[in-house]
Amino acid sequence: MVKGRLKPGEVIDGFVIEDIAHNGGMARIWQVSRPDIDCPILMKVPVIGEGDDPAAIVGFEMEQMILPRLTGPHVPRFVANGDFATLPYIVMERLPGTSLYPLLERLPLPPEEVAAIGAKVAVALDSLHRQHVVHLDLKPSNVMFRESGETVLIDYGLARHIHLPDLMDEQFRLPYGTAPYMAPEQVLGTRSDFRSDLFALGVMLYFFATGERPFGDPQRLKGLKRRLWRDPLPPRARNGAIPLALQEIILRCLEVNPAWRYPSAAQLALDLQDLSAVKLTARAEKMKRDAFGTVLRRRFNPVPIETVKPQTAEAQLANAPIVAVAINLSGSTPDLDEAKRRTVARIIENTPDARIACLNVLKINRIALDTSLDEEGRNKHVMRLVELRAWSTGLPTPGGGITFHVLEAVSPADAILAYARENYVDHIVMGARAESAMRSMLGSVSGEVAAHAPCTVTVVRNRTRPEN
Amino acid sequence: MLLAILSDIHGNREAFEAVLAAARAAGAERFVVLGDIVGYGADSEWCTETARSLAESGAIVLRGNHDDAIGNASVTMNPTATMALEWTRRQLGADARAFLAALPLKAREGDYLFVHADASAPSDWNYVLDASDAGQHLGACEARVSFCGHVHKPALYCTAPGGRVTHFCPVAATPVPLLPQRRWLAVMGAVGQPRDGNPCAAFALYDTGSAELRFLRAAYDIATAAGKIRAAGLPVSLAERLFEGR
């Protein structure tokens, strides 16, 4: 066991201790180096002593379990874990710059900036949730950025990996988290709902856009529980410059019942990236808090919160895919259109929280600059949108809604693939081009999409009678 | 070293074969059989022979309550288990009976303890069903990591010095790091008669180097195993439950 405090120049398991980077209550963070590692690295050492918060140790153990299992640009790269028998530590990549914390000095931020930051954080959450991890302590000081611009979520001390034992669970009577950002179900002790992170992001967006925390910073359990029945002042009542769509998004994230929030971080990211496509409800127009009577009723007759078990958390997320349906408005047949609609209807029935994005590619000339108006002076783009809407008539309404998009591109396959990559699409549905001289000459769009797509692709084709 | 840990085979040859094949394909270097090789299924003789050849090539093989009852006329079980037990007694040859009777109740190797049921009284065959049972087990042994079976449903318990016992129900094959500063009790699911709602044969792989445990399942030919149970005239419920893993 290494006794006492580390000193610069000491060497632990090959890591040379350089400077102290942060001296926190729960852990000390050292800047370290090792000759075989080419990126800047940090060593996090928990503060263990008599009378220290036992949650600090358990949180450190959780991080030792979870961090090595995470990959991708949105988490700090894991390097090594130190054994408790000698010195407990975690060595990980050191990220450049600062967290979002210094931003709090210049609130409120312009709404466009709030939405842009929110979208980037939502994308990082989507990546984390797909790796089976709920962060449960999302706040400005835990959000950092790479030089390439991606958001990195740090500090997994309160996180829950759905596939690993939860050392925090059953260990402590009080809920753990950061008071202003904690979701209502987290206050009640649930630690396996991915949507708890969407609530925390909603608190961040509210704070960034208005300069005020929606639920203050309560210091006691009683104050924490207030968010179960007391709704926050709508953001637009604090800052009239906030667009209706942004208020809609923020208040949906702050819903008490997780089932009324966005079903996935990816769907939230989509809305934050394009405020014009957000479906507005009564949330967008709200200018006052709920009336006294309503609040009183809620106090004694609480909003239902469905408890998500670890076993069902992933099923909930899987019910909310983003599905892109590529619709060829001119080259299709009524039979193929119908078959495609049936396929999409079945997807909505099986995954009721799906978001359906109907796409059409408006081919543009490779060389000439297209005039976007046709001879009759009608905007091609708008006409296509009208036709897309008509195509979707009769489909059941999915929880995530249906949106319509006309992509202008030279190559339809490239346009569909780019859309799928940029919008975290889980499933592409498209029709097969009929057997024709065109297809043998140009190859099939669906074949190219299926070969290169980052997700599942369903190619719909009507079965033909075999010809003898 | 990669250990394959199996428990509660219960005379189900098809499940046993599937697990052995899956464990070998995954690179298992040593086998541990936590007992209940016989009982319920129609192939107790074959399963005992296979366990014996595993033991001869270095496997740890322990005695479970069903193995114990073969040579112990005073044991009482529920009516279905008793019918299966009496049938199994008639099927097993003298060599198999002698092999089962001589098996140890527990095995300790370094940091690890292997036992069929709760280690505080191995011959009482107490079930480890919850955190309090696990606390009793962990209080009665010193090994840092122990493995038991008997329950037919996989679970993982852990505790830190002075802390409470945490329960975890494995939900996927994701490797679980058994952190060295904690003590762990892993309850294996059953190879031959799973009861956690998943009919596939359960087993686990433990990597002693990385201290990672994986709870795994192997699909097997349930129809054949169930057909043999019916053909042998054993209680039909023993065949039916295999399809549902109940």
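1. Basis. The model is predicted, so local features need pLDDT of at least 70 and side-chain atom pairs count only at pLDDT 80 or more, while totals for chains, interfaces and linings use all residues. Residues are numbered from 1 along each chain as its sequence is written, and chains are lettered from A and ligands numbered from 1 in the order in which they are written.

2. Sheet of chain B. Six strands form an open sheet with mixed pairing, in the order β3-β2-β1-β11-β12-β9 (chain B). The edges are β3 (60-61) and β9 (176-177) of chain B; each has a single partner strand, so one side of each is left without a neighbour in the sheet. Strands are DSSP runs of E of at least two residues, and helices are runs of H or I of at least four, numbered from the N terminus. Two strands pair if DSSP finds at least two bridges between them.

3. Strand β1(B) and its partners. Strand β1 (residues 2-6) of chain B pairs with strand β11 (residues 201-207) of chain B in the antiparallel sense, over four bridges. Within β11(B), L205(B) is the bridge partner of A4(B), and Y206(B) is that of L3(B). With strand β2 (residues 30-33) of chain B, β1(B) runs parallel and is joined by four bridges. There A4(B) stands opposite F31(B).

4. Burial of β1(B). Four of the five residues of β1(B) are buried, so the strand is largely enclosed by the rest of the structure. Buried means 20 or more other C-beta atoms within 10 Å of the residue's own, with C-beta atoms placed from the backbone; 12 or fewer counts as exposed, and in between as partly exposed.

5. Helix α4(A). Helix α4 (residues 195-210) of chain A has 16 residues and should span 22 Å at 1.5 Å a residue; its end C-alpha atoms are 23 Å apart, which agrees. The expected span is 1.5 Å times one less than the number of residues. Of the 16 residues of α4(A), 16 are buried, so the helix is largely enclosed by the rest of the structure. Just after α4(A), G211(A) takes a positive phi of about 85 degrees.

6. Domains of chain A. The division is into domain 1 (11-93), domain 2 (101-316) and domain 3 (321-367 + 379-460), with bounds from an automatic or database domain assignment. The C-alpha centres of domain 1 and domain 3 of chain A lie 47 Å apart.
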